Amino acid sequence: MALRNILGKRFGVGLAGRRPLSTATCDVESGNAKAINLYSAINQALLIALETDPRAFVFGEDVSFGGVFRCTTGLADRFGKARVFNTPLCEQGIVGFGIGLAAMGNRAIAEIQFADYIYPAFDQIVNEASKFRYRSGNQFNCGGLTIRAPYGAVGHGGHYHSQSPEAFFCHVPGIKVVIPRSPRQAKGLLLSCIRDPNPVVFFEPKWLYRLAVEEVPEHDYMLPLSEAEVIRQGSDITLVGWGAQLSIMEQACIEAERDGIFCELIDLKTLIPWDKETVEASVRKTGRVLISHEAPVTGGFGAEISASIVERCFLRLEAPVARVCGLDTPFPLVFEPFYMPTKNKILDAIKATVNY
Amino acid sequence: MAFSTATAYFAPQPFPLNTASPRSHDNPLITPASASPFFGSTPKLRLSPSPKFNLHRRSGSGVSVSQVVKEKKPKSTRSLLITKDEGLELYEDMVLGRAFEDMCAQMYYRGKMFGFVHLYNGQEAVSTGFIKLLKQQDSVVSTYRDHVHALSKGVPARAVMSELFGKTTGCCRGQGGSMHMFSREHNVLGGFAFIGEGIPVATGAAFTSKYTREVLKEVDCDHVTLAFFGDGTCNNGQFFECLNMAALWKLPIVFVVENNLWAIGMSHLRSTSDPQIYNKGPAFGMPGIHVDGMDVLKVREVAKEAIARARRGEGPTLVECETYRFRGHSLADPDELRDPAEKERYAARDPIKALKKYIIESNLASEAELKAIDKKIDEVVEDAVEFADESPVPPRSQLLENVFADPKGFGIGPDGRYRCADPKFTEGTAHV
């Protein structure tokens, strides 16, 4: 089985990346911090969003009692049913309705219960949300819309509770796609997404909801979008990933180090518009790059990263860009361990790339 | 396309369309001008005195079919509703459903099956009441709560249990799991994890049957399709789209709503503008019937009419079955939101106990015969578990099969073997 031993793991602590961790309103490091898990961090972010903006709404299926992953616990009690409410089971309706709310100047935070269910809403997102500002000549916009959805493998989810649909949305100009890797990142990034003047799709790695625990500041803070973060320094190969996959990649990095290969690990955080400069700078340093994600390899977002890097760094590259991703099959049930891009697959690819 | 209001006037219970009646939510107390027989969603049957929906009252509105049937027939002929053989068949099927689901729960907590498992306890009357009237060639489309639909349709308990365990001998070779029971032999078209996704599929299957009969001129083809889904799905666009298509093209389909009042934690009454789902039938041009889904005999009566109607080519019917699930939404659901008093009320209406009582009181069979059935089913379920336990896990090569039509997908490497059988499978990229 894929190792997901990230209980208590902390990411990116005190790393000197190219840019400071937060250039936005608040300094992440100051203030009280408590160790909480991912769904609690999301809960805190939603609470702050609702508190600071009286025109913010949270809605979706089952959000009233707290949601199937407890991300919205306590919000309905605190802010009332007029601002935190359940919708009927109609994703297309939920997102379309959210676009309408946002167009009238509200902050609509829509929850799609599982990312696998987002497809009925795909039409609204692609055809309406992403084009609203553009085709109205900036008279209207739905920047206040944020769509949150749990994505990714969870060990037993099967076809419809494990998908990673981020690649479909990355192909849509006009929206942003953001994926956090840990509780502290999630809170800051979610607040940034909510306050960003563009519609954002925020995918939360569901495997990490309970498993990832980290010190998260209790105050209101935001993390910048479209800035990638180097969470591990290295000199031999650049690894690029996002979300829960980073923990797997980190384990591969640790094992590779024992073999004398020093990997630089980058968390993309925002998938579109993505931070090409940080990744490029890293590739110029190492000359090799490997991308890993759970979604199927063909047409996954790794393909875009690969093509961009090759365009910009062709002469610097020492080896072909490697992608270690899910297989090109529907997300399987019993075969999940074979489908997933595991630590071993990544390790093999690191070695093959370094020894090319 | 005009639809006639004077459809099937066959003895003894017709299903008129009530196209002239006002929408019930406009003024619930208006009685329609036409003195049509009660079947369908005529507002005059609402027993509640207040115009507002009483959120805490389960729809006692809508007299159920069998009550009227009973009123019309003399008491002494009550037992004619079923014969002894039918009674035992119904009993056995419901007990199989219940015992199987209980065993699923046990196996789940022992770690033998995994994933998201949704159990059907309490709703057996709907599955048995409808599916036992079908022929092998009739199709059934279900939701994620599909184990018992598959069992009622005839899929062997062994195949279903193996599928749950993820073994090759499962009905889908272990690929689908709990939420995706398919069977070509028994025409079970799935198993859909996504609510509402199965309804258009059922509509297409029904169209095939009608096409075969009318265009390909196979006059014997009167296959019917049943689409099962829940109350939450009735707020989803796909449901309405299919009601329209089915009525427009008069498809041989029955839409069966298993209204158990809850969509995970969302109460049906709080998320639906008109909680009486059967009202949505006439809005689209088909009869809408409400029936007590905890009573298998009542369900069976309604099902007989609806299926017969479809077989005769008169088009679709929407049947709302008032039912309840005794367990949580899934085995991972702590089920804290439902009022224990509500749960007790429905537990008292356990369909299996009700049928047992009926059979014994009508002297159709003795308690000993029923106990013998219980025992037989226990053995069937235990045998299913043993079989599933001993069955082999699918080989790794199966991962790459059936992605495309070519049974081996594109998983063959240059040496002619499956790529995943290649020892270097873990290496490099995941190209298959």
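In chain B of this predicted model, the centres of domain 1 and domain 2, taken over C-alpha atoms, are separated by 38 Å. The domain assignment places domain 1 of chain B at residues 69-390 and domain 2 of chain B at 397-432.

Now turn to chain A, which is also assigned two domains: domain 1 covers 2-217 and domain 2 covers 229-354. Here the C-alpha centres of the two domains lie 24 Å apart. Their contact draws on 40 residues from domain 1 of chain A and 38 residues from domain 2 of chain A. Together these domains bury about 3,100 Å² between them, and carbon and sulfur atoms carry 59% of that area.

What does the domain 1 side of this contact in chain A consist of? By class, the residues of domain 1 of chain A that touch domain 2 of chain A are 23 nonpolar, eleven polar and six charged. Polar links cross the boundary as well: nine residue pairs, both members at pLDDT 80 or more, are in polar contact between domain 1 and domain 2 of chain A. Looking at the secondary structure on the domain 1 side, the elements giving two or more residues are H6, strand S6 (176-178) and helix H7 (183-195) of chain A. Of these, H6(A) gives the most, with four residues.

Charged pairs deserve a stop of their own. Side chains of opposite charge can pair when their charged atoms come close. The interface of domain 1 and domain 2 of chain A has two salt bridges by the rule used here. Over all chains, the salt bridges come to 44. Another one of them joins Asp259(A) and Lys351(A), with 3.5 Å between the closest N and O atoms. Asp259(A) sits in the loop between helix H9 (245-258) and strand S11 (263-267) of chain A, while Lys351(A) is in helix H13 of chain A, so this pair ties together parts that are 92 residues apart in sequence.

Over all chains, the structure holds 27 aromatic pairs. One of them is formed by Phe122(A) and Phe169(A), arranged edge-to-face with 5.2 Å centre to centre and 75 degrees between the planes. This pair links distant parts of the chain, with Phe122(A) in helix H4 (residues 119-128) and Phe169(A) in helix H6 (residues 166-170) of chain A, 47 residues apart.

Finally, step out to the place where the two chains meet. There, 40 residues of chain A are in contact with 40 residues of chain B. The two chains bury about 3,300 Å² between them, with 74% of it on carbon and sulfur atoms. How many salt bridges does the rule find across the interface of chain A and chain B? The count is zero. Polar contact between chain A and chain B amounts to three residue pairs, with both residues at pLDDT 80 or more. On the side of chain A that touches chain B, the elements giving two or more residues are strand S14 (322-326), helix H12 (336-339) and helix H13 (343-354) of chain A. S14(A) supplies the largest share of that side, five residues. Sorted by class, the side of chain A that touches chain B has 21 nonpolar, ten polar and nine charged residues.

Technical notes: Residues are numbered from 1 along each chain as its sequence is written. Chains are lettered from A and ligands numbered from 1 in the order in which they are written. This is a predicted model: local features need pLDDT of at least 70, side-chain atom pairs count only at pLDDT 80 or more; totals for chains, interfaces and linings use all residues. Side-chain values use heavy atoms; hydrogens and water are left out. Contact means heavy atoms within 4.5 Å. Buried area is the accessible area (1.4 Å probe) that two parts lose on being put together, summed over both. A salt bridge is a side-chain nitrogen of Lys or Arg within 4 Å of a carboxyl oxygen of Asp or Glu. A polar contact is a pair of N or O atoms within 3.5 Å; within protein, one must be able to donate a hydrogen and the other to accept it, and residues adjacent in sequence count only if both atoms are side-chain atoms. Ala, Val, Leu, Ile, Met, Phe, Trp, Tyr, Cys and Pro count as nonpolar, Asp, Glu, Lys and Arg as charged, and the others, Gly among them, as polar. Domain bounds come from an automatic or database domain assignment. Rings of Phe, Tyr and Trp (its six-membered ring) pair if their centres lie within 6.5 Å; planes under 30 degrees apart count as stacked, over 60 as edge-to-face and the rest as tilted.
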